[in-house]
Amino acid sequence: MLRRVAILSALTVIQLSSFAQGRFDDVVIKDYKLTDNIYMLEGSGGNVGIYINDDEVLMIDDQFAPLSDKLKAKIKELSGGKTTRLINTHWHGDHSGGNENFAKDGAMIFAHENVRGRMSKEVVRGDRVTPPSPDIALPVVTFKEGMQLYIMDEPVIITHVHRAHTDGDSFVFFPESNVLHMGDCFFHKRFPFIDLNSGGSIDGVISAAEAALMLVDDNTQIIPGHGPMATKSDLVIYHAFLTATKNKVVDHINNGGTLESLDPSKITEGYEAWTWGFINAEKISQTIFNSLSSED
Ligand SMILES: [Zn+2]
């Protein structure tokens, strides 16, 4: 019996790992040219931004580790070179999973200090356990509020936003190219994931959207963490969704409502098309409820 259990669990491991591998085998990295120097890359996981010039490649987020070779091949095709600097918008594995592979190629990694903090140790979220990352995968330049760097003469402004999708989110803005990468502070045309277990909050996500709206104009090209390229008007719609759903949940709480009596279809009315695999109406409504209920 024990042996059979062992064989069965071995089979499960094989099936799971081949499933994971298979999932990435079919991924094709697509590139979208935004300016002469900036591209958005789409594969599986968070959207990647790259800024290329004759000498350097600055990369924003790097998806999952099994995709690193495909991303490197695409970057080589577009730039002729490889990533020299890498910014993580936050710690989640679909945005920082390739860190080790890019660092081994010589990329210097930048991120908010809480990204390094969370990646340095085991993180337990419900029944999900994320082991600590190896030292080489950790950001080597960290900041608290933000920083400015230059890639040749192009300024790059990195701005931290407090307790939004996580407690370590940053925007990356190229003011001269008028391109903004928002990481997971912006899920375009889909319900957002707000990671309360990593210090995220609904109020922070709303403040982040407001901060981004102050940076952009009608010509800004916005790279969302997930979803297609966006503009200011898309971000205005996202902000309206966030505030409307939050206000409905606040009303529910003020009327003595509980998590159990929350009606997700009413909370998210008008945004049904934003349901996707990971986050449905119930999940986002409950997340907002839990976020508001846990406020100090
Ligand atoms: Zn994320």
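The crossing of helix 7 and helix 9 is right-handed, a crossing being right-handed if the near helix is turned clockwise from the far one by less than a right angle, and left-handed if anticlockwise. The model here is a predicted one: local features need pLDDT of at least 70, side-chain atom pairs count only at pLDDT 80 or more, and totals for chains, interfaces and linings use all residues. Numbering starts from 1 along each chain, as its sequence is written.

**Helix pairs**

- Helix 7 covers residues 232-254 and helix 9 covers residues 281-293; their axes come within 10 Å and cross at roughly 60°. Axes here are lines fitted to C-alpha atoms, for helices over the stretch in contact, with angles running from 0 to 180 degrees between N-to-C directions.
- Helix 7 and helix 9 are therefore oblique to each other. For the angle classes, under 35 degrees is roughly parallel, over 145 roughly antiparallel, 65 to 115 roughly perpendicular, and the rest oblique.
- On the helix 7 side, Thr 245, Lys 246, Val 249, Val 250 and Ile 253 meet Ser 285, Ile 288, Phe 289 and Leu 292 of helix 9. Contact means that the C-beta atoms of two residues, placed from the backbone, lie within 7 Å.
- An α-helix has 3.6 residues a turn, so residues three or four places apart point the same way.
- Helix 7 has another partner in helix 6: the two axes come within 10 Å and cross at roughly 155°. That makes helix 6 roughly antiparallel to helix 7.
- This time the crossing, helix 6 with helix 7, is left-handed.
- Helix 6 brings Ile 202, Val 205, Ile 206, Ala 209, Glu 210, Ala 212 and Leu 213 to the meeting, and helix 7 answers with Leu 235, Tyr 238, His 239, Leu 242, Thr 243 and Lys 246.
- Lys 246 turns up in the contact list with helix 9 and also in the one with helix 6.

**The chain as a whole**

- There are nine helices and 14 strands in the protein chain; helices (H or I, at least four residues) and strands (E, at least two) are DSSP runs, numbered from the N terminus.
- For 296 residues, a compact globule would have a radius of gyration near 19 Å, and the chain's 20 Å agrees with that. The radius is taken over C-alpha atoms, and the globule rule is 2.2 Å times the number of residues to the power 0.38.
- Along the principal axes, the C-alpha trace spans about 65 × 60 × 30 Å.
- Of the contacts with a separation of 6 or more, 62% join residues 24 or more positions apart.

**Core and buried helix**

- The largest nonpolar core has 66 residues, and Ile 50, Leu 180, Cys 185 and Ala 212 touch the most other members. Such a core is a set of buried Ala, Val, Leu, Ile, Met, Phe, Trp, Tyr and Cys residues joined through C-beta atoms within 7 Å.
- Helix 6 (residues 202-215) supplies the largest share of this core, five residues.
- Beyond its neighbours within four places in sequence, Leu 180 has contacts that include Phe 171, Phe 173, Ala 212 and Leu 215.
- Helix 5 (residues 113-120) buries Asn 114, Val 115, Arg 116, Arg 118 and Met 119. Their cover includes helix 3, strand 6, strand 7 and strand 9.

**Ser 170 and His 160**

- Ser 170 sits in strand 12 (residues 169-174) and is buried, with 28 other C-beta atoms within 10 Å.
- Leaving out neighbours within four places in sequence, Ser 170 is in contact with Thr 89, His 112, Ile 158, Thr 159, His 160 and Gly 183.
- His 160 belongs to strand 11 (residues 154-161) and counts as buried with 22 C-beta neighbours inside 10 Å.
- From His 160 to Phe 171 is eleven residues in sequence and 6.5 Å in space, C-alpha to C-alpha.

**Positive phi**

- Most residues other than glycine have a negative phi.
- Gln 63 has a positive phi, near 55°, in the loop between strand 4 and helix 2; with 26 C-beta neighbours inside 10 Å, Gln 63 counts as buried.
- Lys 189 has a phi near 60°, also positive, in the loop between strand 13 and helix 6; its 16 C-beta neighbours inside 10 Å make Lys 189 partly exposed.

Key. A residue is buried if 20 or more other C-beta atoms lie within 10 Å of its own, exposed if 12 or fewer, and partly exposed in between; C-beta atoms are placed from the backbone.
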